Amino acid sequence: MLSKTLDRIIINADYQIKSLQGGTVGDVQLVSGIAETDNGEKTPYKIVLKTQKKWERSGDPNSWRREYDLYMSKLDALFTDSLRWPECYHAEINEEETQTQLWLEYIDGISGWDLTIEMLEKAAFELGRFQGRLYKNKPDMLHNMDCFGEFDAVRKYYMLCRGEMLKRIDSLGDELPRHLRQLLIDCDDKAEEIFSNAERLPIVLCHRDFWVTNIFYKDGKIILIDWDTTGWGFMGEDAVHLIFDETDINCLVEYYSKLLPAYLKGIAGYIDVSKIDVSHIWEVIVLKYGETYVYQMISKSHEERSEAIAALQKIYDMKNIKLL
């Protein structure tokens, strides 16, 4: 492994292991140390070992092995220097123990909430450009791959939960301002139409977990990790994740007004977005994150309920923000 990683013949190495992240089905560790070459030279190394156990994500049973399948498919041939994933030095799958192991490049760039708004704009722009290029050029290898997640995952999840959400809206009574209640109910009444409109947007290859902890910024370039939810989706789906997933409510409007235009600017290099009604993206936001914030208002503290109402108000106000 180290010989391949370092492109030198390694005869011996010491190592230390540090947990980076993980849970009950995945474990990510940094393996580092000093490696000795066949001519006696010693060189430091860092490599990431990601072990993924089999598990059943609702509606997506093969997600546990998707990264392995994608690395084996040579998807990396479609990336550019400005946006890519970590290099994989070695991959294994154990069908009996039902787990995968990936030995990956260690990325030491800026990530998480240390990313500035300018870095996030760069990430949104580069992802849009990547998706637009694949949409226009239509590489054969993409259409020969069968390991992607379901196309209509957003629709299916909402439709599964909508009944419970409407009950919760009703239970909130006057605590939920009338105009916000009406927005959520009106959009739910049109849910089939809204999703149909979104799915008529350009269909692109989505990361589907595109948010700050999976984005690394290094030397002006973007590296994305954790591709196990990758699948076909509608234009703007990933940008919506970047804007909303665990974002400080006070930043939502700024993110929406800067990150979605940056994404659209990137994809516009390949798709004429001037002829596309991007308001369909806002309508999906109302459904997807309206549901999220309604759930936050149930059995939560007064402060959390107030934050959820503030977030819904910001979504309401976003309708009037010009993106193009």
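1. The largest nonpolar core of this predicted model comprises 90 residues. Within this core, the residues with the most contacts are Met 235, Phe 244, Leu 260, Tyr 263 and Tyr 293. Leaving aside residues up to four places away in sequence, Tyr 293 touches Phe 244, Leu 252, Ala 308, Ala 311, Leu 312 and Ile 315. Another core lies apart from the largest one and has nine residues, including Ile 10, Tyr 45, Ile 47 and Trp 103.

2. The largest pocket has a volume of about 770 Å³. Its lining consists of 21 residues, and those closest to the pocket centre are Arg 57, Ser 58, Ala 153, Tyr 157 and Lys 288. Two or more lining residues come from each of α5 (153-172), α8 (237-244) and α10 (279-296). The greatest contribution is that of α5, which supplies six residues. By class, the lining holds nine charged residues, together with six polar and six nonpolar ones.

3. The second largest pocket has a volume of about 340 Å³. It is lined by 18 residues, with Leu 20, Val 28, Val 48, Phe 216 and Ile 225 nearest its centre. The elements that each give two or more residues to this lining are β2 (16-22), β4 (42-53), α2 (66-73) and β7 (99-105). Eleven of the lining residues are nonpolar, three are polar and four are charged.

4. The buried residues are Arg 66, Glu 67, Tyr 68, Asp 69, Leu 70 and Tyr 71. Among the elements that cover them are β4, β6 (88-94) and β7. Both β4 and β7 also give two or more residues to the lining of the second largest pocket, as does α2. Just after α2, Lys 74 adopts a positive phi of about 70 degrees.

5. Is Lys 50 buried or exposed? This lysine belongs to strand β4, and it counts as buried because its relative accessibility is 7%, under the 20% cut-off. Not counting residues up to four places away in sequence, Lys 50 touches Asp 27, Val 28, Glu 67, Thr 100, Gln 101, Leu 102, Leu 104 and Asp 226. One of these contacts, Glu 67, is among the buried residues of α2. For Leu 70, a buried residue of α2, the C-alpha to C-alpha distance to Lys 50 is 14 Å, at a separation of 20 residues in sequence.

6. The structure accordingly holds zero disulfides. For Cys 88, likewise, the nearest cysteine sulfur is that of Cys 147, at 14 Å. Both cysteines count as buried, Cys 88 at 19% relative accessibility and Cys 147 at 11%. The value for Cys 88 should be read against the cut-off, since buried means under 20%.

Note on methods
Residues numbered from 1 in each chain as written. Predicted model: local features only at pLDDT ≥ 70, side-chain atom pairs only at ≥ 80, totals over all residues. Heavy atoms only, no water. 1 Å grid on protein atoms, 1.4 Å probe; cavity = no way out; pocket = protein on both sides within 12 Å on 5 of 7 lines; lining within 4 Å. Points joined across faces, edges and corners; volume = space filled by probe spheres on them. Helix = DSSP H or I, 4+ residues; strand = E, 2+ residues; numbered from the N terminus. Nonpolar A, V, L, I, M, F, W, Y, C, P; charged D, E, K, R; others polar. Disulfide = S-S within 2.5 Å. Buried < 20%, exposed > 50% of the residue type's maximum accessible area, 1.4 Å probe, protein only. Contact = heavy atoms within 4.5 Å. Core = buried A, V, L, I, M, F, W, Y, C linked by side-chain atoms within 4.5 Å.
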